[in-house]
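Reader: Please take a close look at one part of this model for me. I would like the contact between the two chains, with some context around it.

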Amino acid sequence: MDFTANYDMFLNEEHDMLRQTVRDFAEREVAPNIRAWDRSGAEHGEGPETRTHIRPLIEKMGKLGFLGICFPAKYGGAGMDYLALAVLCEELERMDSFLRVVASVHVGLNSMTIFQWGNEAQKMKYLKPQAEGKQIGAYGLTEPNSGTDAGAMTSTARRDGDHYILNGEKIWISLSDIADTFVVFAKTDPSKGNRGISCFIVERSMPGFSSYPLHGKLGVRAGNTGGIVFQDMRVPVENRLGEEGEGFKIAMTALDSGRYTVAAGAVGGIQGALEASVTYAKERHTFGVPIGDHQLVKRMISNMVRKMDMGRLLVYKSGWMKNAGRRNTRETTLGKWHATVSSWESADDAVQIHGAYGFSDEYPVERFLRNARGGVIYEGTRELQELLQADFAMGTRELAPKLRCELPAYNKEAWEAE
Amino acid sequence: MHIIACIKQVPRDNSVAIDANKRVDVSGIEPILNLFDEYALEAALSLNDEHGGDVTVLSLGSDDTVDQLRRSLAMGATNAVLVTADGEPDVASAVGIVQSAIATLAAADVIVCGRNATDDESAAFGPMLARRMGWTHVTYVTKIVSSSATHLELERSLEDETEVVKVPLPVLISVGKGAVEPRFPSLLRVRKYAKAEVPVIVAGAYTNAASVVDRVPPAARKAGEIIAGADVASKVRTLVDRLIADQAL
């Protein structure tokens, strides 16, 4: 069964061909190796010396246009829309989370943020090579002692002539040892709380920058996650993204983009778990019948279908709103909450359907389970998304008035023009 | 150089059903481009990369085959043609229909096709088309060693050996799974060709030399047997004895 059929109220032929292309890419380039890459991350750590598969894959994704999927051609992009980004993330995570994470940090958190807030020079200098896949971007907000409470960050940026001097540490940074550029946040005026945070584009090559890998993660073991450290790192003023003190707003809009990619990926994760479960439920026999004939197995499969379809509709609604240039924080956080929790629950059911075999990496479902757990935490915890929905419903939280820089609405004609 | 790539849409797997009218029912099975045709198309595109010109991708199929033709355009083909015919042409009829369609196109230097389709497995289409056209043909090609405006040097992978042959153009080659993986479509070309209008040639009447008089699904596989035994060693002993008795070893 084609679980992605009949979404033509949102998607068109371009999205269908994109889906097929990404699916073929994932099945040919990732599937044959993913178990070994995942195991190697657990056994040998996630330092760049063991993660030699990541950059060549990213370079291939760049050449195909995946990394600039939703940016205008004049910035090196493929000129497709924000729904195309969702399709990309779905299909990557249907196979494994680690390349969807690349899409999340490179496209969602970094490039889309520069696209939204950057000046023309910054877009040409950073967005264009990133969209073309010539440079890899990542994002640094979380610190060892500040996660959901981003305003509690302690990184600082002190103005010194035409430079800022950055000091601090960011942790849980995807592609920490691989990315070339990072969109990061630091306090230019610690006395002003959230209004004292500013945003910067920093480069790995800047003196004072260093990175390190984390080891022993539960999931996304085929990827690279770690920390980045700024030690008296001099960053030119022209690398400040947005105005001084605008960093918190920028961080939150970046999360509107990042959470969208995480939600879409989670929908693909549900589909991966569902497809593996359907195949296994037809093959495996107990008590003389395929296990798919047993009602409690059917219930688990039905639940996966329900959660996947609901997640997909929520994600596409957010994508449709992004295309139209509408603020979508409520819709995106709802989709992220639903899809990530559902992805975890569906992977759990998939392991159950596979029985003891699901408990080993002979089948992919235990990897789906470990990968899915992260999405319930990163880019806004389940609890934060839940609180936001109640606050929106009760009117105790409202979207800020129109931002100085909104994420540009999709404009097919303009975006396709060279 | 003008290269024509003949491609076919096939079901992703062979778990097809046979309906009451003895027709193959592929509903619910994802349609894909025949695996060997992907390699054939890649061979055509790599020749085109080197020599320029045109790659026309042609398929005898139904309306939904347009998706494979558009995908081929997104991979790098320059033209696409869909050929439709009533009924179910057999291989000989299909060759006749495709030959007539090719006659309407610009003269070709090379025709490529997959070594066989993964649905009917006949492997006869390429050689038969070459024979009808009076062209040289080379089967089981896995690599284009070198090419010029007048010749191709081709590697053939045979069961016991690999041979290299040099042939003058025009030539038809049927391609197996080769060393060069088929390229992916780039998103710029996806955007350009996802809705491309594909011209259709409607085939005239034809008469099959052979007609299908019956279709039955393959016999269901016998259930497996779990070998009992006191310990692993005795189970393995029993298994080996059984395999020897069944002449499997």
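Author: What follows starts at the contact, then turns to chain A and to some backbone details. The model is predicted.

The contact draws 18 residues from chain A and 14 residues from chain B. On the side of chain A that touches chain B, helix α1 (residues 13-30) gives the most, with eight residues. By type, that side of chain A divides into nine nonpolar, five charged and four polar residues.

Now chain A as a whole. Chain A holds 12 helices and 10 strands. Its C-alpha trace spans about 80 × 45 × 45 Å along the principal axes. Of the 418 residues of chain A, 53% count as buried. Take the contacts in chain A between residues at least 6 apart in sequence: 76% of them join residues at least 24 apart.

Next, the backbone details. A:Asp232 sits in strand β7 (residues 225-236) of chain A. Its phi is near 50 degrees, a positive value in a residue other than glycine. A:Asp232 counts as exposed because it has 11 C-beta neighbours inside 10 Å, and the cut-off for exposed is 12 or fewer.

Chain B has a residue with positive phi too. B:Gln247, also not a glycine, has phi near 60 degrees. B:Gln247 lies in the segment after α6 (232-245) of chain B. With 6 C-beta neighbours inside 10 Å, B:Gln247 counts as exposed.

One peptide bond deserves a check. From B:Leu169 to B:Pro170 the bond is cis, with omega near 0 degrees. B:Pro170 belongs to the loop between β11 (162-168) and β12 (171-175) of chain B.

Note on methods
Residues are numbered from 1 along each chain as its sequence is written. Chains are lettered from A and ligands numbered from 1 in the order in which they are written. This is a predicted model: local features need pLDDT of at least 70, side-chain atom pairs count only at pLDDT 80 or more; totals for chains, interfaces and linings use all residues. Two residues are in contact if their C-beta atoms, placed from the backbone, lie within 7 Å. Helices (H or I, at least four residues) and strands (E, at least two) are DSSP runs, numbered from the N terminus. Ala, Val, Leu, Ile, Met, Phe, Trp, Tyr, Cys and Pro count as nonpolar, Asp, Glu, Lys and Arg as charged, and the others, Gly among them, as polar. A residue is buried if 20 or more other C-beta atoms lie within 10 Å of its own, exposed if 12 or fewer, and partly exposed in between; C-beta atoms are placed from the backbone.
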